[in-house]
Amino acid sequence: MIVAVLTAFDAHAEPASFRNDVMAVLSKAGCNMGACHGNQNGKAGFKLSLRGEDPEFDFRALTRDMFARRTNPNNPEQSLVLLKASAQIAHEGGQRFKEDSAEYVLLRNWIAAGANDDAATAPKLARLRVTPVQQICVDPITEVPLSVHAEFSDGTRRDVTSLACYEPSGQLVKVLPDGRAQSIKPGETTVIVRYLDRQTPIRLAFIAARPGWAWSNPRAQNFVDEHVFAKLKSLRMNPSELCSDTEFVRRAYLDLLGTLPNANEARAFVGDRRGNKRTKLISALLQRPEFADFWALKWADLLRNEEKVLDAKGVQAFHRWIRQSLADNKPLDQFVRELLTARGSSYENAAANYFRALRDPVTRAESTAQLFLGTRLQCARCHNHPFDRWTQKDYYDWAGVFASLQYKILDNRRRDGLDTHEFNGEQIVWASAKTEVKNPRTGEPAQPRLLGTGEPLAEAEHRQLERLAEWITSPGNSLFARAQVN
């Protein structure tokens, strides 16, 4: 609880930390959200960084902007930030906290102590731990108390349950300021728990008791069934009955070949009396040329194999390479490694067309993360991701991994002279030695870093994509495995 935190401050005679306490209060009160002062243009002349991603900017806004009207160390109670947030004077955002609240006391104590920035001494937030990470509640249980602990770089650990922000992904639950998640209606949902620049998703499900329900105990055909059945059982749901043969043959053909079976194929399957005929049908369809045709079309769409950016000859070469990879049953990790490390002519080394279509580092970074890691990073281009753990620094450090790629345009017979995105001719994709991406917020060069890892890449620029390919397809990368399975 915040009260306990404040008591600890008093006991140790320590003022509140701007970096770790005041910034948290601004987030908890909603002051730095996009609908309030975190808006791109601020509100009523007062602008904060969105979701508190730039503490240095916020410190200047609170203590220097508008002739320092917002904080008054000589008379803390008259500080504008307290008067407005507690609604003692008119505030368009309404009352954010009361005068006797822990938030008010914390801000007041920080102002009274001099309203200082402790950037040089405050420990950095290293990890955010939330319990439970996942929980299924069966009626009559309709509430789950969440516990949030912050671990800092100096080894200290604090209970920040009442300082954390809680953002449910839907309307199934509400989370009270003290961390109690309450069911609104049955269902499964995700809650984003955020404190300072870290956030963690947790999954909660509130389900009806369903008196008389009993697990039907279906037989698993494979390990996928085992996982699906375990989830259904935990949610007190029985799987549907097996579909009929006519439904199965239609679904199998559509899913694997993108076409319906002809009348003779359908009759032959339905009339087959073998117990393993469904498994045999799947194996047979995987061997047909239509399988490679159909899935090459899907992969070509994902990999942006389009004439506008590749030209007709490049599209044909890239499509042939994709289709042949599927026809040869090339392992998916090998397929991805070849895409990410391909260099040379867009005609002679068809896999190089993957990067030919992605003309700048940030587009390469976003596309690669979405395709091969199942992660959408676009929001973090402008600010810390509101629904995931990625920060703006994570985004640009990741983009820095792709900065070495360059293009040599051998010939460009563009049909539309006004369209700078159109290409028509062979290109050479190659890696240069000295390139960089800058973080627009700090103005500093990004440090190329694999997504979610702590250390910058040690490899030379022209070797970084080889390291990237090894990391993405490594057996220990659960993001790659999960994305490709889905």
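I started at Asn-217, which lies in the loop between S10 and H7. My S and H labels are strands (E, at least two residues) and helices (H or I, at least four), taken as DSSP runs and numbered from the N terminus. I'm working on a predicted model, where local features need pLDDT of at least 70 and side-chain atom pairs 80 or more, while totals for chains, interfaces and linings use all residues. Residues are numbered from 1 along each chain as its sequence is written, and side-chain values use heavy atoms, without hydrogens or water.

Is Asn-217 buried or exposed? I found it exposed, at 60% relative accessibility (buried is under 20%, exposed over 50%, partly exposed in between, with a 1.4 Å probe and protein chains only).

Arg-210 counts as partly exposed, with a relative accessible area of 33%.

**Cis bonds**

Next I looked up the prolines. Thr-131 and Pro-132 are joined by a cis peptide bond, with omega about -5°. I placed Pro-132 in the loop between S1 and S2, the latter being residues 134–138. A cis bond also runs from Asp-139 to Pro-140, and here omega is near 20°. I found Pro-140 in the loop between S2 and S3.

**The sheet that S3 belongs to**

In what order do the strands of this open sheet stand? I read S3-S8-S7, three strands with antiparallel pairing (strands pair if DSSP finds at least two bridges between them). S3 (143–145) and S7 (173–175) are the edge strands with a single partner each, so one side of each has no neighbour in the sheet. I checked S3 against S8 (residues 180–183): 3 bridges join this antiparallel pair. Across that pairing, Val-144 faces Ala-181 in S8.

**Empty space**

A probe the size of a water molecule, rolled over the atoms, shows where empty space is left. My search of the whole structure turned up 1 cavity of 30 Å³ or more (on a 1 Å grid over protein atoms alone, a 1.4 Å probe fits in a cavity but cannot get out; a pocket is open, with protein on both sides within 12 Å along at least five of seven lines; lining residues have an atom within 4 Å of a point). The largest cavity holds about 90 Å³ (volume is the space filled by probe spheres set on the grid points). Its lining includes Arg-51, Arg-194, Asn-384 and Trp-390. I looked up Arg-51 separately: it is in the loop between H2 and H3, and it is buried, at 13% relative accessible area.

How much volume does the largest pocket have? I noted about 1200 Å³. Of its 44 lining residues, Leu-125, Asp-197, Arg-198, Thr-391 and Lys-393 are closest to the centre. H2 (18–28), H3 (55–63), S1 (125–131), S10 (198–207) and H17 (392–400) each give at least two residues to this lining.

The second largest pocket has about 1000 Å³. Of its 27 lining residues, I listed Gln-221, Asp-225, Leu-242, Phe-248 and Arg-278 as the closest to its centre. Two or more lining residues come from each of H7 (223–234), H8 (245–257) and H10 (277–287). Which element gives the largest share of this lining? I found that H8 does, with 6 residues.
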